[in-house]
Amino acid sequence: MSVTPALDLRGIGKSFGPVKVLDDVSFSAYPGEITALVGDNGAGKSTLVNCIGGVHPPDSGEYRFEGRRVRVHSPRDASLLGIEIVHQDLALCENLDIVQNLFLGREQRNGLTLDEDMMEEIARTTLSGLAVRTLGSARRPISTLSGGQRQIVAIARAVLLDNKVVILDEPTAALGIAQSQQILEVVRRLADKGLAVVLISHNINDVFAVSDRIAALYLGRMVAQVRTADVTHRQVVELITRGTGGEVGLRR
Amino acid sequence: MMKAGPSQEDVRRHNLGTLLRFVHLRGPASRATLAESLGLNRSTIMALTTDLTAAGLVREELPRGPGRRAGRPSLVVRPESTRVYVLAFEVGVDRFAVARVGLGGVVLDRREGVRTRDSDPAELLSVLVAGARSLIRKADGDAVCVGAAVGFPGTVRRADDMIMFGPNLDVGDLRLGDALSRRLGLGIPVSVCNDANLGALAEHERGAGVSCDNLIYLHGDVGVGGGIIAHGRLLGGDEGYGGEIGHMIINPGGRLCACGAKGCLEAEVGERALLHHAGREEDPGQAGRDAVRDIVVSADAGDIVSREALHRVGSWLGLGVANLVNVFNPGMIVFGGTLRDIYLGAAAPIRSVLANGALASSREKVKLRTAALRDDTTLVGAAEFAFAEVLADPVQVLARLRAPEDTPV
């Protein structure tokens with residue numbers, strides 16, 4: 001049984017002028033699974049995400065989405081395919097409430113006016129689908145929410161419309177332990193609902209807690225894509241720091 | 001007497017139970033959805049819902065909310081959550097909880113309290129009875145209690161609900177279920193079950209493992225309990241003591257367990273072991289769930305002693321999980337109670353040991369999840385257990401329970 005990856009990149013290369021950032025990178029993300037993207041600072045994680053999201057189209061290589069070859073040259077292309085990126089800064093509007101933020105730029109209309117009831121109903125269903133009860137009213141302004149609550153709103157925004165791939169950039173980085181744990185459980189639930197989730201994280205323990213696969217970047221090259229069930233903590237640390245670990249990674 | 005096959009009455013009882021079970025577990029559903037999901041024709045569904053409505057178990061109403069389709073709307077069948085309820089009890093080493101849970105699994109009301117570790121069993125019984133009575137008083141006048149069950153951290157004999165062994169909570173020779181039933185005087189028996197077995201049931205029916213028929217639930221409190229769901233059913237063993245994963249010996253000659261053996265999983269990953277490794281066992285104020293969570297918080301903040309403690313406990317837990325994966329080939333392992341915090345805080349050592357210790361074919365697909373019902377696993381499991389009788393034969397059971405008050409004086 002082989003499942004078609006939702007996202008399948010092959011031989012991706014990217015340079016900024018003379019600076020070569022990604023070299024022959026292959027990367028896949030599967031529906032229903034969390035693929036953790038790990039690597040040291042400067043390994044190319046953000047550039048790879050920007051290639052996927054159409055911010056920086058790759059110079060070379062093949063981009064496949066659900067088995068079809070596609071061209072992604074702008075964030076809009078990625079968004080139309082159903083790829084959503086939750087950046088570390090979350091990009092939420094402080095002065096608007098939860099519902100308004102969820103539907104920002106894609107408000108539901110009822111003839112000439114906005115369909116507020118419909119939007120609130122969808123917002124509620126989405127949040128309860130993530131088993132989130134801690135937000136209180138869906139009409140609370142973002143400025144009154146904690147860091148973890150904001151992260152949940154950003155994630156809910158990513159899954160509101162029928163997205164296929166959600167990429168989360170360090171979702172637990174700025175949070176306390178209780179909120180981090182809750183976010184990890186929410187992220188796990190996203191994948192269990194059938195989405196392909198890509199999780200960028202520096203926290204190896206978080207990666208082991210929720211991921212199904214681990215993709216390790218080292219100096220712009222993909223040194224390993226392995227099942228989390230097959231590797232140990234030490235191997236992953238070695239992949240990140242040396243590009244090789246046990247029997248996986250770069251051949252020396 | 002020989003029976004040729006199920007009688008018409010048996011079939012009807014079975015269908016009533018199936019329909020009620022569907023709306024109990026999956027929530028309100030339209031007649032059309034029920035017909036499709038249960039594979040019965042619409043007139044049968046109508047007859048069944050009429051019977052259940054007459055018995056006061058469900059009610060039918062017009063659908064609400066968006067998503068209206070063309071044509072005459074199909075009526076939505078809802079469980080009568082406030083009129084039909086059970087009492088669920090959770091007895092923990094440090095705390096207790098009683099809840100009134102409505103048909104459909106809604107926790108309508110609850111009472112919780114703390115328990116001192118070596119208090120008298122009679123005192124425990126009194127607080128449980130007081131909690132339950134205050135919940136019953138708050139119920140609607142026409143509401144009926146259809147069952148009651150207790151989750152208890154110990155081994156319980158299935159034949160008579162006798163608590164055989166509770167190393168962390170000794171109740172002597174108290175027959176908890178019988179005593180509760182007598183003191184409550186509702187005319188219903190009170191079942192007693194192992195808490196982690198109930199947790200397994202709860203996560204299987206309402207939690208992380210809804211679609212998984214081969215599941216293992218691991219529950220951390222002072223000790224470590226377990227419940228094994230195989231082919232959709234709880235594995236009880238010959239007398240109902242099965243699933244004592246906490247007493248699987250993983251470190252021969254290791255730490256002494258409350259059961260008398262050495263190196264049980266519970267002895268190596270239970271609360272006492274974690275507090276010991278973290279150098280906190282001498283502190284009298286440090287015990288229970290909060291103490292375990294404090295260590296996970298300290299580890300996250302960078303405290304090296306706590307990190308080392310979590311790492312050691314995580315490695316032993318990984319070894320236990322590897323054994324379970326090899327023996328049972330579960331589709332999912334769910335970590336609940338304090339083990340949720342330990343799993344999230346020590347996933348790296350747990351999964352590293354699992355990668356080395358479990359067979360590749362068995363470990364590849366196993367899903368490791370935290371309890372979706374959070375701290376309510378035992379309580380929800382007790383409620384599901386208490387609902388079992390009414391779900392098996394809805395109309396008869398309700399008729400019997402309502403009978404006394406219908407009799408003219």
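**Chain B fold and a chain A sheet**

In chain B, 65% of the contacts (heavy atoms within 4.5 Å) with a separation of 6 or more are between residues 24 or more positions apart. This is a predicted model, in which local features need pLDDT of at least 70, side-chain atom pairs count only at pLDDT 80 or more, and totals for chains, interfaces and linings use all residues. Residues are numbered from 1 along each chain as its sequence is written, chains are lettered from A and ligands numbered from 1 in the order in which they are written, and side-chain values use heavy atoms, leaving out hydrogens and water.

Chain B overall
- Chain B contains 15 helices and 15 strands (DSSP runs, H or I of at least four residues for helices and E of at least two for strands, numbered from the N terminus).
- Along the principal axes, the C-alpha atoms of chain B fill a box of roughly 65 × 50 × 50 Å.

Burial in chain B
- Of its 409 residues, 54% are buried (under 20% relative accessible area, with a 1.4 Å probe and protein chains only).
- Helix α11 (residues 338-345) of chain B is mostly covered, with 7 of its 8 residues buried.
- The buried residues of α11(B) include T338(B), R340(B), D341(B) and Y343(B).

Sheet in chain A
- An open antiparallel sheet of 4 strands in chain A has the order β2-β1-β4-β5 (strands pair if DSSP finds at least two bridges between them).
- β2 (19-29) and β5 (68-69) of chain A are at the edges with a single partner strand each, so one side of each lacks a neighbour in the sheet.
- β1 (residues 7-16) of chain A pairs with β2(A) in the antiparallel sense over 7 bridges, and L7(A) is opposite A29(A) in β2(A).

Notes:
Buried means under 20% relative accessible area, exposed over 50%, partly exposed in between (1.4 Å probe, protein chains only).
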